[in-house]
Amino acid sequence: MKSTTCRLDRFISQNSTFKLSDVRLLLAQKRILVDGQVAQSIQHRVTQFSRVVLDNQCLQDHQPLYLLLNKPQGVVSATKDLKHRTVLDLIEHPHKDELHIVGRLDLNTTGLVLLTNDGAWSRTISLPETRLAKTYEVTLSKPVTAEYIQVFQQGIYFAYEGITTQPADLEIVSEYHARLSLVEGKYHQVKRMFGFFQNEVLALHRVSVGPLNLAGLELGQSRALTVDELAAIEAYTSL
Ligand code: URA
């Protein structure tokens, strides 16, 4: 995953009173530390998560955060809202205000929502080319039939965007219940796909995103991704 980087001399000039041309001398005087090491080159790449210290003063110290939340109904996938509780209201973390949402769910949809402060990570995992499957349990107002499986595989034309949806896997669980896996996330995509058959979605729950699932998390609870989960996501994105 490529994160946005900045040259060390530019970073120092933007975050201190020193000029770009002063930075060589600061390096020679060993006054700059990046991630605990004395910096050697003005060309060193600084990321948003590099810890940079100049003359014992910390200029930047952000930890990357990756959280998984089990969103209840009636909670909005936004960081601020005047009317409803937001996903951020459910999270207790000292740096939660840095977080943004990776792939929103509708107000009444429940299930897995990812939040992070790492823009490069969220951009990469949201790309359809990454082919990270998002799986939903769907409750329908009318019986679901085998015909849907083929139609969802072929793709449905969305006139508003002028696109045909990517092949999606449908498993019929029972007459009114199905499991749908998508590799993209168009606006109201699941509801619109079943809408093709005039079959209203009564309940929608996202159970997994790629290798991540909600095991052990009650509705409303959140937790940090584990090292193994981050590595599993990385394996998808470095294909
Ligand atoms: N598709 C929808 O229609 N709604 C969601 O919340 C997610 C996917």
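Rings of Phe, Tyr and Trp (for Trp, the six-membered ring) form an aromatic pair if their centres lie within 6.5 Å, and such a pair is stacked when the planes are under 30 degrees apart, edge-to-face when they are over 60, and tilted for the rest. By this rule, the structure holds seven aromatic pairs. The structure is a predicted model, in which local features need pLDDT of at least 70 and side-chain atom pairs count only at pLDDT 80 or more, while totals for chains, interfaces and linings use all residues. Residues are numbered from 1 along each chain as its sequence is written, and side-chain values use heavy atoms, with hydrogens and water left out.

**Aromatic residues**

- Tyr148 and Phe197 form a stacked aromatic pair, with 3.8 Å centre to centre and 5° between the planes.
- This pair links distant parts of the chain, 49 residues apart, since Tyr148 belongs to helix 4 (residues 146–154) and Phe197 to the loop between helix 5 (189–195) and strand 17; helices (H or I, at least four residues) and strands (E, at least two) are DSSP runs numbered from the N terminus.
- Tyr148 counts as buried because its relative accessibility is 5%, and Phe197 counts as buried at 15%, where buried means under 20% relative accessible area, exposed over 50% and partly exposed in between (1.4 Å probe, protein chains only).
- Ring pairs join Tyr148, Phe152, Phe194, Phe196 and Phe197 into a cluster.

**Helix 3 and its packing**

- Helix 3 is mostly covered, with six of its eight residues buried, namely Gly119, Ala120, Trp121, Ser122, Thr124 and Ile125.
- These buried residues of helix 3 pack against strand 7 (66–71), strand 10 (100–102), strand 11 (110–116) and helix 6, with contact meaning heavy atoms within 4.5 Å.
- Helix 3 (residues 119–126) and helix 6 (residues 227–237) pack at an angle of about 55°, with their axes 10 Å apart; the axes are lines fitted to C-alpha atoms, for helices over the stretch in contact, and angles run from 0 to 180 degrees between N-to-C directions.
- That angle makes helix 3 oblique to helix 6, because angles under 35 degrees count as roughly parallel, over 145 as roughly antiparallel, 65 to 115 as roughly perpendicular and the rest as oblique.
- The residues that make the contact are Trp121, Thr124 and Ile125 of helix 3 together with Leu230, Ile233 and Thr237 of helix 6.

**Positive phi values**

- Asp55, in the loop between strand 5 (52–54) and strand 6 (57–60), has a phi near 50°, a positive value in a residue other than glycine, and Asp55 counts as partly exposed at 38% relative accessibility.
- Gln198, in the loop between helix 5 and strand 17, also has a positive phi, near 50°, and Gln198 is exposed, with a relative accessible area of 59%.

- Ser208 lies in strand 17 (residues 201–209) and counts as buried at 14% relative accessibility; not counting residues up to four places away in sequence, Ser208 touches Leu112, Ala133, Lys134, Thr135 and Asn213.
- His177 is placed in strand 16 (residues 177–182) and counts as partly exposed, at 35% relative accessibility.
- Leaving aside neighbours within four places in sequence, His177 is in contact with Val138, Thr139, Val144 and Ile172, and the C-alpha atoms of His177 and Val144, 33 residues apart along the chain, are separated by 7.4 Å.
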